[in-house]
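Have a look at it first, and then we'll pick out a few spots together.

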Amino acid sequence: MTTGLAARTAPGRPAGTPSPAGPPRLPRRIARSRRAVAGLVLLAALFAVAFAGPLLSRWGWDDTDFTAFRQGPSARHWLGTTQSGRDVLALTLRGTRRSLVIGLSVAVLSTGLAGLVGTVAGFAGGRLDRILMWGTDLLLVVPSFLLVAVLAPLLGGGALVPLLAAVLWMVGARSVRAMTVSLREREYVLAARFLGAGPARVIVRHVLPQLASLLVVDASVNVSVAVVAESGLSYLGFGVRPPDVSLGTLVAAGQGAAPACPWPFAAAAAMLVLIVLAVNLLGDGLRDVLDPEAGPRRGDR
Amino acid sequence: MTLLVVRDLTVRYAPGVPAVRGVGFDVGAGEVLGVVGESGSGKTALALAMVGLLPPDARVTGSVRLRGEELVGRSDAELSRIRGRDLAMVFQDPLSALTPVHPVGDQIAEAVRIHSGATWPAARARAVELLDLVGIPGAARRARACPHEFSGGMRQRVMIAMAIANDPVAIVADEPTTALDVTVQAQVLDVLKAAKEATGAAIVLITHDLGVVAGFADRIMVMHAGRAVESGPVEEVYRRPRMPYTIGLLQSLPRMGAAGAARPAPVDGASPEAPAAGGGCAFRPRCPVAVDACGGRDPEPVLVGPSGHTAACVNTEATADPDAVFPLPDAVPRPARPPRRERPVVLEVDGLVRHHPLYRGTLLRRRAGTVHAVDGIGFDVREAETLALVGESGCGKTTALMEILRLARPQRGSVAVLGQDTAALRPARRKALRRDVQVVFQDPFTSLDPRMRVADIIAEPFAAHGLRAPRGRVRELLDLVGLEPAHAGRYPHGLSGGQRQRVGIARALALEPRLLLLDEPVAALDVSVQAGVMDLLEGLRNRLGIAYLFVAHDLAVVHRIADRVAVMYMGRIVEIGSVDEVYGRPAHPYTRALLDAVPLPDPRLERRRRRVPLRGDLPDPTAPPAGCRFRSRCPRYAALGAVDARRCEEHDPMPRPMSTDRESDQWAACHHPLAEAGAGS
């Protein structure tokens, strides 16, 4: 009873206090998922290193050490230097920072857009649905990679995130819509509508929670796709412009010399792998936690 | 001659408790054994174990002998030679049991060929013969049709034809009529009877419907928690049940027979899926006559009557008088109210129409036809009364309900709730009106949000209207529907079906509505749980004075709860009136046929009934017959002379009163009603 009223005062998000009668609330359940915790810890570590690391390093990412060109790891340069004498560690951290920010903000933007367009189209049905899906399909057939490659240099560096988000949301929106359409006919959604709940409330209370695992998977895939796409664009010279660096430009710059001097290439590639790994672990873990039919919650009978 | 002998059959899925625990029975040639039980009683596991179709992780022990030949422990290849030839099976869902891409004739012919080695032409000819035997019109032509071109009843006939293709020794039928409407169920049971006569096979009929068993089976075996708790000749068991569970099942059935509407007693609690090992009788927690001796071990069946009537009960002394076992709950008396005519109208529907356009093509959408789902119906519901909408599936009853719930302008006609025309409502007024009109859905497993706690579900109506639930209101509502305060913190998946439905009812009652729309509220529940939910609904109506619009296909349930009943056929109301009049003296031939088709859970009454079965299936809803829509299936029309029949062919009958008596309000839409005005019975 009291738990019911407590939850009512803060609708949508479960309250943090675990109730004595029922299963634990969301944060507690996340804490129980090994994968989610591993992903979360790894991601936090990456952020910490990428943002705090440069403060501890003697070298800035744009500093040039004219005494050391293309050197291996040493006490002076932990991961060596590039051909032009820049510190590989500092460059990699800088690149990680760029890639992390781009990946996460693109994922949040595109998945948010997918969720919005998908639920509105699926729930509204009729003409609005047809118009929105028509637009979605139209964007799907546009060669998105080329579009970003052409537009990004024209619009400047800040446009990269919105541009990537704008070409990544469509597939997600389609599956969100499909699921919303089937959810709309569920009896408990009908029941809520016939109780007098408005469309916004029904979507937030009854539809979105069911879509949560789908959205999380979509977002984690989008992080990987965005990081890789940004790297790809930068590699081709359309993304992050020199002298600034991202993991993509680092891989591009490092790959030619990789056989002789693998450090710049290997460090950037390893970071790329770690980011994608962390996000996918977290996504998998969250999906299991959010799925109502999944394991541990069953135990509360 | 005993054909099928089962002894001590036990089915155990990999780690858990056994689904079937030591079941044994004999079935003779031409004999029908009815196996009844509620969901989770192990009856389907028993059927699959007999034919050897359980998944590989299931362990089967005991013995199943068909004409002396042991089947348990045989390899799948060996069993395949027996299945389909000597031992046949009819499944519940004929759509998934037939291969969708092959013509049904070929599928039957294949069954013939596998076992007899006949040539294709000979097997096809035999298939046509069999289809004709099970009553499929135009068998030679229909043999070339694929399963989706058949209706549910026709598909089940095809399944039966396939089952009897090789003159089986025994047929196992698992809920063969559960997915079908009553009128079609009656037809299929007749076909099964004919198939039995033609082959002389022993039949094991598995069902949850005690009415079907009463009419069809010779012996009955009642299963509970994997054990056979009572078995014996059908008449004997129905008349003198001795196991408290059987007594409860029989008493919890709503009846519409001559004895009138005796109130059924509910058997509380859920059927336990997992009885504790060595915990004694599994029914003990629900049993009103349990004694200390019930614990310890499973009771062995003891002889309690003639012809091998056995019951697995320790305390059979206490069950000598079945009526005394389950105390009837106190009925909530119906407070005296002014006569119907003087009570306020809560819901008024007039000429309501809902047509679904059918479109073809994707790019250029062309209108390909119209489904007349609801085609001009009218009725009113007054305070504190229950109107039931009944009819077969596809008759438009649920569409009508949804159309009322929308509280919006209908395609044609009008809906007025509490005197307010829904077509003229502004959004704010409509939302306010929703507080007075609430709904309870059929399936308690899908009508509650699986991610919300019971307390949140029940409080949701308040939140939806921007209100705060008054303190203690959730507890009060839980109490009102007979749930414990502790249930408030649970999620729906931690509740049984009956408990979930109670939560659904509590949610509907939260805002104290004046009108409750119930869409088959007990159809998804086991009979013993049904009685409890019906009691609850009846009590609430009597106490709170709510009006119910009750959509159902089960005429026995309707007879119990409704004051008035409207019978629908193809989007129209063909007959409406008080329950006593409509059930006692049906005027429309369709009502008569529906009532006839309901199997009575009483072997003596059921076998004595004289019935005119309804022919065929519902016509294509996009092209109803001209004139009277019921014409194509009407037994009365078939017997009319040419002049009278012309009226049915040319004029769509309008509802008209069946009696000049002022007290009567029975109306029927028929040119040649069964009970003519003033003609008495």
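This is a predicted model: local features need pLDDT of at least 70, side-chain atom pairs count only at pLDDT 80 or more; totals for chains, interfaces and linings use all residues.

Helix α1 of chain B, residues 43-51, is largely enclosed by the rest of the structure, because 8 of its 9 residues are buried. Those buried residues are K43(B), A45(B), L46(B), A47(B), L48(B), A49(B), M50(B) and V51(B).

Staying with chain B, let's turn to its sheet. Four strands make up an open sheet in the order β2-β1-β4-β5, with antiparallel pairing. Strands β2 and β5 of chain B sit at the edges with a single partner strand each, so one side of each has no neighbour in the sheet. Further in, β1(B) and β4(B) run antiparallel and are joined by 8 bridges. One residue pair to look for is R12(B) and its bridge partner in β4(B), R59(B).

Here are some chain B elements with their residue ranges:

| Element | Residues |
|---|---|
| β1(B) | residues 2-13 |
| β4(B) | residues 58-66 |
| α1(B) | residues 43-51 |

Now over to chain A. Leaving aside neighbours within four places in sequence, A173(A) is in contact with A114(A), V117(A), G118(A) and T136(A). There's also G122(A): it lies 51 residues from A173(A) along the chain, with 9.6 Å between the two C-alpha atoms.

Definitions and conventions: Residues are numbered from 1 along each chain as its sequence is written. Chains are lettered from A and ligands numbered from 1 in the order in which they are written. Two strands pair if DSSP finds at least two bridges between them. Helices (H or I, at least four residues) and strands (E, at least two) are DSSP runs, numbered from the N terminus. Two residues are in contact if their C-beta atoms, placed from the backbone, lie within 7 Å. A residue is buried if 20 or more other C-beta atoms lie within 10 Å of its own, exposed if 12 or fewer, and partly exposed in between; C-beta atoms are placed from the backbone.
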